[in-house]
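Hello,

Here is the structure I promised to pass on to you. Please have a look at it first, and then read my notes below.

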Amino acid sequence: MSAFKLPRVRYRETDDATADLARYQHIALIVAKAADLAHAPFGTLLQKRLKAQGVAIKPGTVFLTEAPDETGTTLAVGFIADTLETFALLELARKLTRFRPGVTHVALLAPGLKGAAHKEALRALVRCLYAQVPLPSRQTGQTRNPPMAVDVYGASDGDRALRAAAHGNHLARALSVLPANELGPADYVKRVKKLAIDNGWRCRFLDEKRLAALGAGAFLAVTRTRAAGAGIVHLRYTPRKAVRPPVALVGKGICFDTGGVNLKPARHMYGMHEDMQGSAVALGTLLALTQSHAPFRIDCYLAIAENAIGPLSYRPNEVVRAVDGTTIEVVHTDAEGRMVLADTLALAARERPGLIIDYATLTGACVYALGTRMTGAFTNRPELYLRLIEAGRASGERVWPFPLADDYDADLKSDIADIKQCTLEGEADHILAALFLKRFIAHDPTWIHLDLSAGRHKGGLGAIPTDTTGFGVDFTLALLADPAFAW
């Protein structure tokens, strides 16, 4: 995974960009009405062309044209309404920040907008611009560099929080797109250890031998066939002064998922190198919170393994014992994510954090329920449902809560063990998977489970231009920044 660099952004309090027009090859503007363009760069020209071409000016409209200058500056105008939600604003801003090859200097403006609308429009443009930084690629001659000089007009705010979030999201996506032959468990652990050194995190690696000593039978069932490098990485960020209870971030890190002896068909196995995205999101969130100097301790647990197939693979009807003593009846070997998370969550809960958030590309049922535009959310605190929805709206990473009703537990009742891993029917599997995981959350911390149905969306989502979205980093930052959210 190559190093990357975010563009340099300069904030200018003036709204007047005319003095610097010659330096820009791309100018992106967000406005509420055509009249707002009067004082914008090439404003009169834009108004005439909008009218001449009969453009319907309504929220979400994008108008692209070229300035009559020697460089052929792209002029990108987007229209918003005062009530436009963050997700729609980001979708608009993403269209406005698509740059042609060779663009090095960009101007971002929101003329005519006032107060919060003005601030959020500019933030959306910057956020989408940061997301343009390319991901690792193995295509020959396909290097694409984002603009490296950006001027934001009409703003004096710094962007440390935006840059931290961008670094976190980019890390999550960059890891997720690496092919399985470059990011097997051993290589993943090696990369994480280097990140720990670079960021001052305490790092502890529980390999298979140590997990066996702890009795982590659920995790070890999955790794029985392909063990090289598998284990649980525990990272810790400690602030100089903690003013809130500790937070635990837990991620599913299955570097490739064949399905095990319940082998996936080709259509569903393709893309399974991204089954580790939950761990990448947990890691990216840790990075963003570290760079933001979060005032609470953060423990991050990455369940890194591979669900391979071979003569030693775990099988249906086996009974294994998790680290907390719970016995589990194996029903389907392609439900390996909840197995590795069971032990990882149990170990995370032993530290008695105030809040546990886990991330996992866990179930197809959640994709069937929501599609890939939203992610499913579960919590043991039903009073948080509206707060989760609001954090999704505020961040542009939308979630929808699902219930954890007690009567669903009946479907996980086993005749030979304490609990079934899943059912063969697959009905409401996203709910059953969450109920299974809940079983391993001891000491009753606040717990939130994100089933990352929006971890991959064709064509990009919100601020993100790539199919792999890194969904969860910005949502978590928005949730933890909410002053009304206590844990």
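Two strands count as paired if DSSP finds at least two bridges between them, and the elements themselves are DSSP runs numbered from the N terminus, with at least four residues (H or I) for a helix and at least two (E) for a strand. This is a predicted model, in which local features need pLDDT of at least 70 and side-chain atom pairs count only at pLDDT 80 or more, while totals for chains, interfaces and linings use all residues. Residues are numbered from 1 along each chain as its sequence is written, and side-chain values use heavy atoms, with hydrogens and water left out.

Let me begin with the sheet. Eight strands form an open sheet with mixed pairing, in the order β7-β8-β10-β9-β13-β17-β14-β15. The edge strands are β7 (202–207) and β15 (399–401); each has a single partner, so one side of each lacks a neighbour in the sheet. From one strand to the next, the twist averages 20 degrees (angles run from 0 to 180 degrees between N-to-C directions, with axes fitted to C-alpha atoms, for helices over the stretch in contact). Within the sheet, β13 (355–360) and β17 (446–451) are parallel partners over six bridges, and Ala360 is opposite Asp451 of β17.

Two helices lie across these strands. Helix α10 lies across β7, β8, β9, β10, β13 and β17, at about 155 degrees to β9. Helix α14 (473–481) lies across β13, β15 and β17, at about 165 degrees to β13.

Next, a helix pair. The axes of α3 (115–131) and α4 (160–177) are 10 Å apart, at an angle of about 35 degrees. Their contact (heavy atoms within 4.5 Å) involves Arg123, Val126, Arg127, Tyr130 and Ala131 of α3, and Leu162, Arg163, Ala166 and Arg173 of α4.

Finally, the largest pocket. A pocket is an open set of points on a 1 Å grid over the protein atoms alone, where a 1.4 Å probe fits, with protein on both sides within 12 Å along at least five of seven lines; lining residues have an atom within 4 Å of a point. The lining has 44 residues, and Lys264, His268, Met272, Thr363 and Gly364 lie nearest the centre. At least two lining residues come from each of β9 (247–257), α8 (266–269), α10 (336–350) and α11 (364–370), and α11 gives the most, with four.

Best wishes
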